[in-house]
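Let's take a friendly walk through this structure together, one neighbourhood at a time.

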Amino acid sequence: MALRPLSLAALLILLAQPALAHHVMGGGLPETWWQGLLSGLGHPVIGLDHFACICGIAVAAAFTTHRLLAPLAYVAATLAGCLLFLNGIVLPQEELAVAASVLLVGVLVLSGRTLPTPLALALFALAGLFHGAAFAPSILGAETQPLVAYLIGFAAIQFGIALAVMALLRGLLRATSSLSVEARLIGALVAGIGFTYLFERVEGLLLA
């Protein structure tokens with residue numbers, strides 16, 4: 001039976017519910033390897049903008065020839081962005097760039113267009129740099145062992161989310177002739193989330 005667009009949209013919303021949960025460390029720094037790992041596993045899904053971005057990238061990559069490259073580029077760049085911040089390199093307008101990247105990923109999926117692979121990887125990696133830098137303050141000051149564990153969990157959960165979304169979409173493709181409407185609806189949701197965050201960031205800058 002073909003999946004209706006609204007059902008897939010509802011599924012994405014349900015998947016996004018962990019973003020409303022509290023951080024597994026309650027905002028404190030992890031002190032052990034296991035705490036670092038749990039913190040890394042939990043952090044990327046507590047922010048709806050970050051969660052939406054990786055889901056959008058997964059949808060954009062799901063039906064491309066080299067579908068693993070896009071999420072890998074994004075995840076690797078989030079690690080790089082995190083490490084840049086931890087080494088004292090602050091990216092300009094980080095929060096604004098994060099919100100804009102979510103909006104752009106959503107618009108890309110909504111458009112139904114496939115970018116050339118090098119351009120797509122460059123854009124997703126650029127987005128990842130800013131998202132990674134946004135995560136870094138929560139781990140700033142941690143000891144080496146929990147920090148390494150955090151980065152492992154941080155990378156693993158993001159790539160796992162991307163794989164889960166792609167597997168879901170490809171599985172649904174076998175049950176229906178086309179997922180173009182459903183995929184574009186997810187793009188619209190991601191773009192809506194990005195627009196909301198971008199509007200808040202711009203408003204904050206203007207009223208500051």
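Ser101 sits in helix α5, where helices (H or I, at least four residues) and strands (E, at least two) are DSSP runs, numbered from the N terminus. With a relative accessible area of 10%, Ser101 is buried; buried means under 20% relative accessible area, exposed over 50%, and partly exposed in between (1.4 Å probe, protein chains only). Setting aside neighbours within four places in sequence, Ser101 is in contact with Cys53, Ala127 and His131, contact being heavy atoms within 4.5 Å.

A word on what you are looking at: this is a predicted model, in which local features need pLDDT of at least 70 and side-chain atom pairs count only at pLDDT 80 or more, while totals for chains, interfaces and linings use all residues. Residues are numbered from 1 along each chain as its sequence is written, and side-chain values use heavy atoms, with hydrogens and water left out.

Cys53 counts as buried, at 0% relative accessibility. How many disulfides does the structure hold? It holds zero, a disulfide being a pair of cysteine sulfur atoms within 2.5 Å. The closest cysteine sulfur to that of Cys53 belongs to Cys55 and lies 9.4 Å away, which is too far for a bond. Cys55 is in no disulfide either, and with a relative accessible area of 1% this residue is also buried.

Now look for Tyr74. Not counting residues up to four places away in sequence, Tyr74 touches His50, Cys53, Ile54, Ile57, Phe124, Ala127, Gly128, His131 and Gln158. Tyr74 also belongs to the largest nonpolar core, which has 31 residues. Such a core is a set of buried Ala, Val, Leu, Ile, Met, Phe, Trp, Tyr and Cys residues joined through side-chain atoms within 4.5 Å. Which members touch the most other members of this core? They are Ile57, Val59, Tyr74, Phe124, Ile161 and Val165. At least two residues each come from α3 (48–61), α4 (69–86), α5 (94–111), α6 (117–135), α7 and α8 (180–207), and α3 gives the largest share, nine residues. Another core lies apart from this one; it has ten residues, including Ile139, Ala142, Leu147 and Leu151. As background, nonpolar side chains in soluble globular proteins tend to be buried together.

Gln158, one of the residues that Tyr74 touches, leads us into helix α7. Is Gln158 buried or exposed? With a relative accessible area of 3%, Gln158 is buried. Beyond its neighbours within four places in sequence, Gln158 is in contact with Pro44, Ile54, Tyr74, Val75, Thr78 and Phe135.

Leu163 is in helix α7 as well, but here the side chain belongs to a residue that is partly exposed, at 37% relative accessibility. The C-alpha atoms of Leu163 and Ala58 are 7.3 Å apart, although 105 residues separate the two along the chain.

Stay with α7 and find Val148, which lies in this helix and is partly exposed at 42% relative accessibility. Together with Trp33, Trp34 and Ile152, Val148 forms a nonpolar patch on the surface, with about 420 Å² of accessible area in total. Patches are made of residues with over 30% relative accessible area and no salt bridge, where like charges are joined within 9 Å and nonpolar side chains (Val, Leu, Ile, Met, Phe, Trp, Tyr) within 5 Å. The areas come from the Shrake-Rupley method with a 1.4 Å probe, and for residues only the protein chains shown count as cover. Two or more residues of the patch come from each of α2 (33–42) and α7 (144–173).

Next come the charged pairs. The structure holds two salt bridges, each a side-chain nitrogen of Lys or Arg within 4 Å of a carboxyl oxygen of Asp or Glu. In one, Glu95 pairs with Arg201, with the closest N and O atoms 3.6 Å apart. Glu95 is in helix α5 and Arg201 in helix α8, so this pair ties together parts that are 106 residues apart in sequence. Arg201 also forms a salt bridge with Glu200, where the closest N and O atoms are 4.0 Å apart. Through shared partners, Glu95, Glu200 and Arg201 are joined into one network. Arg201 is partly exposed at 22% relative accessible area, and Glu200 is partly exposed at 42%.

Our last stop is Gln93, in the loop between α4 and α5. Its phi is near 45°, a positive value in a residue other than glycine. Most residues other than glycine have a negative phi. Gln93 counts as partly exposed, at 48% relative accessibility.
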